[in-house]
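Thanks for asking me to look this over with you. Have the sequence and the 3D view open side by side as you read.

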Amino acid sequence: MAIVSVYIEEGCITCDACEETLPEVFHVTDDTCYIKADVRLDGGYDRNEGKAGLKLETISQFEDDIFDAADGCPVDVIIVVEGGESETVVEEEAPAAVVDVVVPEPAVEETVEVTGDDLGELLSAGDRSLAILFGSQSGNSEALAAKFSKQASNYGLEGTVYDMDGFDFASLSAMKRVLIICSTWGEGEMPDNAEDLWQVAKKASAGSLNGVHYSVLALGDTSYELFCESGKDWDEQLEKLGATRLVDRVDCDVDYESMAAAWALDAMAAMAAVDGTGVFHEDMVDAIKEYVAGGDEGADGEDGFIVPDITAESIQAEISIFRYDPEATTTGLDT
């Protein structure tokens, strides 16, 4: 019987025994044990409760070690799935027949493009989810996340805010659009609610976030040496894990409102240009911005959003003023 898959049941005590035995396959977090993404056929990073198959090279190289890790688990939560080996059937060759071979003309691959006429479909069809994760110590990042989530509907997106505290990092790989808003605490440290997630992210496998599109907004204070360090760390790590940066990170000082709003305009327009299948249409970003702005030209407001020009036709008014002179005891109307 050959190994097909391996998964982790509930009850892991995070003793590190499996990772010490086979770090290429097992990764112990603060709460449980994960099967690494680069050894799985589905590229997932979790306990593999769905029993996704292991890659053939993983099985051939580490089969004995996987069994050893399972046998060495003190609480028996590592479950190895085995399957029957397929038999190779050798049939007697029949005499070769002479046949006429017709070579078909090469098929022309049809390219589907999203044009300006399809803007409405782009902003409404398929998965339009937008995940906004915040790491916040004083509440500023959380408030911005809530604000931008409400504005997401203007871009045809369904914004959902996630507190980094308790967020399942493995679920990030299934998200097409992700915005990170994170402040820096102390001397370049993560906010308290982001620290656990950051520790998991640092140990994740390269390529585990392929297909994810992201942008980072960093909040900080230039009076500190490690200005916006946490946001910089997230930006760099997501790229290392295979995610695609659509809009460059913006680093904000204590007066962050205007820069944050300008970042949101660019970031959400770019996220909206990711279609329901996860394909980014860069040529549609400007059209989306114009669509959201209503096609009106205007001045930039202090928060970075467009203030439309408001004009009206000139009007004429006739005003009558009642006048009274107490000394002369006279009255009258001035027009």
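This is a predicted model: local features need pLDDT of at least 70, side-chain atom pairs count only at pLDDT 80 or more; totals for chains, interfaces and linings use all residues.

1. Let's begin with the largest nonpolar core, which has 36 residues. Phe148, Leu217, Trp263 and Ile288 are the members that touch the most other members. Several helices and strands each supply at least two residues to this core, among them helix H3 (119–122), strand E8 (213–219) and helix H8 (285–293). Helix H7 (257–272) gives the most, with ten residues.

2. Setting aside its neighbours within four places in sequence, isoleucine 288 is in contact with Leu119, Leu122, Leu123, Tyr155, Ala269, Ala272 and Ala273. There is also a second, separate core of 29 residues, including Ala37, Ala131, Phe169 and Ala204.

3. Now for helix H4 (140–151). Does its length fit what its residue count leads us to expect, or what is the distance between its ends? At 1.5 Å a residue, its twelve residues should span 16 Å, and the end C-alpha atoms are 17 Å apart, which agrees.

4. Which residues of H4 are buried? They are Ser141, Leu144, Ala145, Phe148, Ser149 and Gln151. These residues cover an arc of only 155° around the axis, so they lie on the same side of H4. The buried residues of H4 pack against E5, strand E6 (158–163), E7, E8 and H7.

5. Strand E5 (129–135) deserves a look of its own. Six of its seven residues are buried, so E5 is largely enclosed by the rest of the structure. E5 and E6 run parallel and are joined by six bridges. To find the pairing on screen, look for leucine 130, which stands opposite glycine 159 in E6.

6. Finally, how many disulfides does a search of the whole structure find? The count is zero. The sulfur of cysteine 18 has its closest cysteine sulfur in cysteine 33, 3.5 Å away, and that is too far for a bond because the cut-off is 2.5 Å. For cysteine 228, the closest cysteine sulfur is in cysteine 252 at 6.7 Å, again too far for a bond. Cysteine 18 is buried, with a relative accessible area of 8%, and cysteine 228 is also buried, at 1% relative accessibility.

Note on methods
Residues are numbered from 1 along each chain as its sequence is written. Side-chain values use heavy atoms; hydrogens and water are left out. A nonpolar core is a set of buried Ala, Val, Leu, Ile, Met, Phe, Trp, Tyr and Cys residues joined through side-chain atoms within 4.5 Å. Buried means under 20% relative accessible area, exposed over 50%, partly exposed in between (1.4 Å probe, protein chains only). Helices (H or I, at least four residues) and strands (E, at least two) are DSSP runs, numbered from the N terminus. Contact means heavy atoms within 4.5 Å. The expected span of a helix is 1.5 Å times one less than its number of residues. The arc is that of the directions from the helix axis to the C-beta atoms. Two strands pair if DSSP finds at least two bridges between them.
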